[in-house]
Amino acid sequence: MTAPVRYPLRRDSRHKVIAGVCAGIARRYGLSRGGLRAAFVVSCVLPGPQFIAYLLLWIVIPEDDTY
C-alpha cells in the first residue's frame, strides 16, 4: 500500500476564485474545493474574524508557482 500524496500548504493559483486560499487548503488536506468555499461563505454570517483570517492567510501562505 502506498502512502497518500502530501501536498505542501500553498495557495492554488490554477483553481483560485479570489486568492486561492480555500483551494490550497482543500488540496493540502484532501477536501473538496467547493465544499470548503461553501463552508467559508456560510461561516461569514457568524460573528468572528473570518475575513481578517482570510486576508492573513492570503499574505502568509505562499502562492504555488508550479503548474
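Predicted model: local features only at pLDDT ≥ 70, side-chain atom pairs only at ≥ 80, totals over all residues.
R33 touches H15, A23 and A26, leaving aside residues up to four places away in sequence.

## Exercise 1: The chain as a whole

State how many helices and strands the chain has, and what pattern the chain follows along the sequence.

**Solution.** 
Step 1. The secondary structure consists of three helices and zero strands.
Step 2. Along the sequence, the pattern reads α-α-α.
Step 3. The C-alpha atoms fill a box of roughly 45 × 25 × 15 Å along the principal axes.
Step 4. Of the 67 residues in the chain, 24% are buried.
Step 5. Among contacts with a separation of 6 or more, 44% are between residues 24 or more positions apart.

## Exercise 2: Helix α1 and its packing

Identify which residues of helix α1 are buried, and what these buried residues pack against.

**Solution.** 
Step 1. Helix α1 covers residues 21-29. Its buried residues are V21, C22, A23, G24, A26 and R28.
Step 2. These buried residues pack against α2, which spans 33-43, and against α3.
Step 3. Just after α1, G30 adopts a positive phi of about 70°.

## Exercise 3: The crossing of α1 and α2

Describe how the axes of α1 and α2 cross, and which residues make the contact.

**Solution.** 
Step 1. Two packed helices are described by the angle between their axes and the distance between the axes.
Step 2. The axes of α1 and α2 come within 9 Å and cross at roughly 125°. This angle makes α1 oblique to α2.
Step 3. The crossing of the two helices, α1 and α2, is right-handed.
Step 4. On the α1 side, the contact involves C22, A23, I25 and A26; on the α2 side, R33, L36, R37 and F40.
Step 5. By class, the residues of this contact are six nonpolar, no polar and two charged.

## Exercise 4: A salt bridge

Find how many salt bridges are counted, and explain which parts of the chain R27 and D64 tie together.

**Solution.** 
Step 1. Side chains of opposite charge can pair when their charged atoms come close.
Step 2. The count is one salt bridge. The side chains of R27 and D64 meet in a salt bridge at 3.0 Å, N to O.
Step 3. R27 lies in helix α1 and D64 in the segment after α3, so the pair ties together parts that are 37 residues apart in sequence.
Step 4. With 21% relative accessibility, R27 counts as partly exposed, whereas D64, at 11%, counts as buried.

## Exercise 5: The position of Q50

Decide whether Q50 is buried or exposed, and name the residues that Q50 touches.

**Solution.** 
Step 1. Q50 lies in helix α3, which covers residues 50-60.
Step 2. Since buried means under 20%, Q50 counts as buried at 16% relative accessibility.
Step 3. Apart from residues up to four places away in sequence, Q50 touches F40, S43 and C44.

Definitions and conventions: Residues numbered from 1 in each chain as written. Heavy atoms only, no water. Helix = DSSP H or I, 4+ residues; strand = E, 2+ residues; numbered from the N terminus. Buried < 20%, exposed > 50% of the residue type's maximum accessible area, 1.4 Å probe, protein only. Contact = heavy atoms within 4.5 Å. Axes fitted to C-alpha atoms, helices over the stretch in contact; angles between N-to-C directions. Parallel < 35°, antiparallel > 145°, perpendicular 65-115°, else oblique. Left-handed = near helix turned anticlockwise from the far one by under 90°. Nonpolar A, V, L, I, M, F, W, Y, C, P; charged D, E, K, R; others polar. Salt bridge = Lys/Arg side-chain N within 4 Å of Asp/Glu carboxyl O.
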